[in-house]
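Subject: Structure for your review

Dear colleague,

Please find below the structure that I am handing over to you.

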Amino acid sequence: MMNNVDSENYISMDQLESYARILKVIAHPVRLCIVKGLIENGGCNVSNIYSCLGVPQSTISQHLAKLKSEGLVTGERNGNEIIYSVQSSEARKLIKCMIESTKCEDL
């Protein structure tokens, strides 16, 4: 029963829906790894992401296109390369929570 609402920990239904949409997009291990890496490194090009993950560059490009179409990632052209970075502050929060939770001793 969820009658008591703790205003300090309250999350609106709109916010929950937004988080659910983000989780759905990053629910693939490669996309999750891309977003985590972009957050940790402040942005990367496809070649750097490819060399870190060891999956085909075309696969990286497809996952980046999905993340970009959902508004989580942006790409900024720098000469011949595109530097991708995480645009969504909500995605940053979710990834940070996941990273921090893996550091908990009681997991």
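Predicted model: local features only at pLDDT ≥ 70, side-chain atom pairs only at ≥ 80, totals over all residues.

Overall fold

The chain contains five helices and two strands, arranged along the sequence in the pattern α-α-α-α-β-β-α. Of its 107 residues, 27% are buried. Among contacts with a separation of 6 or more, 55% are between residues 24 or more positions apart.

Helix 4

Helix 4 comprises 13 residues, and the distance from its first C-alpha to its last is 18 Å, close to the 18 Å expected at 1.5 Å a residue. Its buried residues are I60, H63, L64 and L67. Viewed down the helix axis, the buried residues lie within an arc of 100°, so they line one face of helix 4. An α-helix has 3.6 residues a turn, so residues three or four places apart point the same way. On the face turned away from the buried side of helix 4 are the exposed residues Q62 and S69.

What covers the buried residues of helix 4? The cover includes helix 1 (13-25), helix 2, helix 3 (46-53), strand 1 (73-78) and strand 2 (81-86). After helix 4 comes G71, which has a positive phi, near 80°.

Helix 2 against helix 4

Two packed helices are described by the angle between their axes and the distance between the axes. Helix 2 (residues 29-41) packs against helix 4 (residues 57-69) at an angle of about 75°, and their axes are 10 Å apart. The two helices are therefore roughly perpendicular to each other, since angles of 65 to 115 degrees count as such. On the helix 2 side, the contact involves V30, R31, I34, V35 and L38, which meet I60, H63, L64, K66 and L67 in helix 4. The residues of this contact comprise seven nonpolar, one polar and two charged.

Helix 1 against helix 5

Helix 1 and helix 5 (residues 89-101) also pack together, with an angle of about 75° and axes 10 Å apart. Helix 1 is therefore roughly perpendicular to helix 5. From helix 1, the residues Q15, S18, Y19, I22 and L23 meet E90, A91, K93 and L94 of helix 5. Here the contact residues divide into five nonpolar, two polar and two charged.

With kind regards

Notes: Residues numbered from 1 in each chain as written. Heavy atoms only, no water. Axes fitted to C-alpha atoms, helices over the stretch in contact; angles between N-to-C directions. Helix = DSSP H or I, 4+ residues; strand = E, 2+ residues; numbered from the N terminus. Parallel < 35°, antiparallel > 145°, perpendicular 65-115°, else oblique. Contact = heavy atoms within 4.5 Å. Nonpolar A, V, L, I, M, F, W, Y, C, P; charged D, E, K, R; others polar. Expected span 1.5 Å × (residues − 1). Buried < 20%, exposed > 50% of the residue type's maximum accessible area, 1.4 Å probe, protein only. Arc of directions from axis to C-beta.
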